[in-house]
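The stops below go from one selection to the next.

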Amino acid sequence: MAEPSIYDEIELEDLTYHPSTTLYTYPCPCGDQFEITLQDLRDGEEIAVCPSCSLMIRVIFDASDLPAEEPLEEENTGLAVEVAA
């Protein structure tokens, strides 16, 4: 299988991390954003794609550069939830 055509190589620290979506983004020349998820990076993926065009970038990083994994929250917190009728 051929190596994908990479537009550029970008350091992880140059991408913007969005904690609420666990998404890293970087501006694409087309006006949209390259995107890659934190989970993709943890899984060893290093190619971020632009959803609007065919460009891709390679993200340069060490696994130690990634944010620490959040512990899973307890499913039952013991708090009552009021339900509207």
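**Stop one: Arg58 and its partners**

Select Arg58 and Glu46: they form a salt bridge, with the closest N and O atoms 2.9 Å apart. A salt bridge here is a side-chain nitrogen of Lys or Arg within 4 Å of a carboxyl oxygen of Asp or Glu. Because Arg58 lies in strand β6 and Glu46 in the loop between α1 (38-42) and β5 (47-49), the pair ties together parts that are 12 residues apart in sequence. Helices (H or I, at least four residues) and strands (E, at least two) are DSSP runs, numbered from the N terminus.

This is a predicted model: local features need pLDDT of at least 70, side-chain atom pairs count only at pLDDT 80 or more, and totals for chains, interfaces and linings use all residues. Residues are numbered from 1 along each chain as its sequence is written, and side-chain values use heavy atoms, with hydrogens and water left out.

Now colour by relative accessible area (buried under 20%, exposed over 50%, partly exposed in between; 1.4 Å probe, protein chains only). Arg58 is buried at 15%, whereas Glu9 is partly exposed at 47% and Glu46 is partly exposed at 32%.

**Stop two: Thr25**

Move to Thr25 in strand β3 (residues 23-27). Thr25 counts as buried because its relative accessibility is 8%.
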